[in-house]
Amino acid sequence: PQGLWLTSKIWICRDNDLHKLLFMSNGIPDGTDLAYYIKGQKVLGGYKQGNGIVCSHCDTEISPSQFEAHAGMAAKRQPYRHIYTSTGRTLHDIALLLANGQNLATSNSDDMCAVCGDGGELIICDGCPRAFHAGCLGEQFVPTGDWHCPYCKDKFGPGRKADGESRPILIRLARVVKPSECETGGCVVCRANDFSVATFDDRTVMLCDQCEKEYHVGCLRNSGLCDLKELPKEKWFCCNDCNMIHVAMQNILLKGTEVVPASVLSIINKKHKEKGLIDIAANEIEWRILSGKSRCPEHLPLLSRIAAIFRECFDPIVAKSGRDLIPIMVYGRNISGQEFGGMFCVVLIVKSVVVSAGLLRIFGREVAELPMVATSRGNQGNGYFLALFSRIERLLFSMNVEYLVLPAAEEAESIWTNKLGFRKMSDER
């Protein structure tokens, strides 16, 4: 939840040099609206002016670090990764665009490939904000003139442009949850939303790096949970359970692939027999957990396959900036104040090919969420989803997680409730 921690002094220096580009003549224009976000919520607004940011809190031009302090986070976070423009880009993202020679006045496109999640030399779609590597699309050359990605090509004939503004494309999905009308968040102990500005004291807010709950430093002390004297330099967990879950997930990531139990394999082969397919051998089906945030080169081909399965099975989930959130969640990126670094991908692999995948985030022992799960269309009906779901259940059971929640489309509700034992949650809950 805290984003990427930079532990190398060399990298910190490079980032500082990179961020200077924001305030040069071809950087962010004066008057650009900026905002500091915490857990998807706007905490403080302002606008770029000269070499700093004019803060709405004090109406004074201050540095990004001071702007972060005025947002109540002091030295806890990294300002350039949590200050956003109205287009949904962080200051760090914009600095990377400038370093690559891109013009901010014309660039509304993604800075990551919609297939593999990496940056670099990208082909930009003229119909939506998506961007791609030529290699990820199987292209042998970079197209010239107007070009539309595979998601937009059916909407535009040869040589046609979209009527009116072409981007962003906004798609309404029935499964999007309406925001709560009541105020949420705040300290777990006192429920208050106030926080200390600039200094470390009893009203400084700590966020657990696993469950993402918020605590005032004073409330932690008064309730006997923790007596902090300064901001922790490493990850901070509110309890032993959250620490245990974090360690367990890191160990599972390092373990790599694991074979499925014989009981699960027998269910799959029963499905295969019913469909006249060849049995799967015990060493031909495995499951594993991946983290897009880790940027491990070994994981990238699998993550690309996961993103492709989700795109095949779901409509895009589009942010206000026009960017599709699905690949951003898969690769554990952050956008528009929404932080997906805590997302893990759980996959089922048959004969070295990912056939079923789910996104999983664990908020401590109380609850985990499964926002998206799918099986590739050519492999549906073979028992792969049930095999994957059984592994997810066992994983959560081993960590003593009490509840698993997920958003279900109306047409799929009966599958979750009648076949898998879920209960529909009330709006209040």
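The legends below describe close-up views of a predicted model.

**View 1. The largest nonpolar core of the model has 37 residues.** Within this core, the residues with the most contacts are Leu303, Ile306, Phe310, Val330, Val354 and Leu359. Two or more residues each come from strand 7 (131-132), helix 8 (300-313), helix 9 (325-330), strand 14 (344-350), strand 15 (353-363) and strand 16 (367-375). Helix 8 contributes the most, with six residues. A further core of 35 residues lies apart from this one and includes Val260, Ala368, Ala387 and Leu396. In soluble globular proteins, nonpolar side chains tend to be buried together.

**View 2. Surroundings of Ile306, a residue of the largest nonpolar core.** Leaving aside residues up to four places away in sequence, Ile306 touches Leu290, Val330, Cys345, Val347, Val354 and Ala357.

**View 3. Gly292 in the loop between strand 11 (285-290) and helix 8.** Gly292 is buried, because its relative accessible area is 1%, under the 20% cut-off. Its contacts, not counting residues up to four places away in sequence, are Leu303, Val330, Tyr331 and Gly332. Two of these, Leu303 and Val330, are also listed among the residues with the most contacts inside the largest core. Gly292 and Tyr331 are 39 residues apart along the chain, and their C-alpha atoms are separated by 3.9 Å.

**View 4. The pairing of strand 16 with strand 15 and strand 17.** Strand 15 and strand 16 run antiparallel and are joined by seven bridges.

View 5. With a relative accessible area of 44%, Asn400 is partly exposed. The C-alpha atoms of Ala408 and Met372 are separated by 9.2 Å, with the two residues 36 apart along the chain.

**View 6. Helix 3 (residues 91-99) and its buried residues.** Seven of the nine residues of helix 3 are buried, so the helix is largely enclosed by the rest of the structure. The buried residues are Leu91, His92, Asp93, Ile94, Ala95, Leu97 and Leu98.

**View 7. A nonpolar surface patch made by Val188, Val189 and Leu225.** The area of the patch is about 220 Å². Val189 lies in the loop between helix 4 (134-137) and strand 8 (205-207). This residue counts as partly exposed, at 40% relative accessibility.

**View 8. Glu212 in the loop between strand 8 and strand 9 (214-216).** Glu212 has a positive phi of about 65° although it is not a glycine. At 12% relative accessibility, Glu212 counts as buried.

Conventions
Residues numbered from 1 in each chain as written. Predicted model: local features only at pLDDT ≥ 70, side-chain atom pairs only at ≥ 80, totals over all residues. Heavy atoms only, no water. Core = buried A, V, L, I, M, F, W, Y, C linked by side-chain atoms within 4.5 Å. Buried < 20%, exposed > 50% of the residue type's maximum accessible area, 1.4 Å probe, protein only. Helix = DSSP H or I, 4+ residues; strand = E, 2+ residues; numbered from the N terminus. Contact = heavy atoms within 4.5 Å. Patch = residues over 30% accessible without salt bridge, like charges linked within 9 Å, V, L, I, M, F, W, Y side chains within 5 Å. Areas by Shrake-Rupley, 256 points an atom, 1.4 Å probe, with all protein chains shown as cover. Salt bridge = Lys/Arg side-chain N within 4 Å of Asp/Glu carboxyl O. Pairing = 2+ DSSP bridges.
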